[in-house]
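Dear colleague,

Please find the structure below, together with its sequence. My notes on it follow directly after.

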Amino acid sequence: MRITVNTPEAAAQVPYIREQLDRMGIAVPLIGDFHYNGHRLLQDFPACAEALSKYRINPGNVGKGDKRDRQFGQMVEAALRWDKPVRIGVNWGSLDQGSCSLR
């Protein structure tokens, strides 16, 4: 089940969502879909980082300019730390329009 993790409040709730699903006997993976601040949320909310089954990272929603590579790297480092797979998900609306063109 893909859930948006885009605020500190959302990140704080992820472990409780996992606990409730487990208590109900629902063995579904939780995939965290991050927008712009995932690097910070994964660092500041380790229980969230651990409770998620997978991280979905959209490169167009990671950061702008020189922050992009660093923030993307921080998310990958969190995935390595917590032994989580990463899905790179891209759609046209979230691509950096300045670096894309149709020819």
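His39 lies in helix H2 (residues 38–44); helices (H or I, at least four residues) and strands (E, at least two) are DSSP runs, numbered from the N terminus. His39 is buried, at a relative accessible area of 12%, where buried means under 20%, exposed over 50% and partly exposed in between (1.4 Å probe, protein chains only). Leaving aside residues up to four places away in sequence, His39 touches Gln71, Gln74 and Met75, contact being heavy atoms within 4.5 Å.

This is a predicted model, in which local features need pLDDT of at least 70 and side-chain atom pairs count only at pLDDT 80 or more, while totals for chains, interfaces and linings use all residues. Residues are numbered from 1 along each chain as its sequence is written, and side-chain values use heavy atoms, with hydrogens and water left out.

Four strands form an open sheet in the order E1-E2-E3-E4, with parallel pairing; two strands pair if DSSP finds at least two bridges between them. Strands E1 (2–5) and E4 (86–88) are at the edges with a single partner strand each, so one side of each has no neighbour in the sheet.

E1 is joined to strand E2 (residues 31–34) by four bridges, and Ile3 has Gly32 in E2 as its bridge partner. Three bridges link E2 to E3, again in parallel, with Asp33 opposite Arg56 in E3. Both faces of E2 are covered: Ile31 and Asp33 on one side, and Gly32 and Phe34 on the other, are all buried.

Yours sincerely
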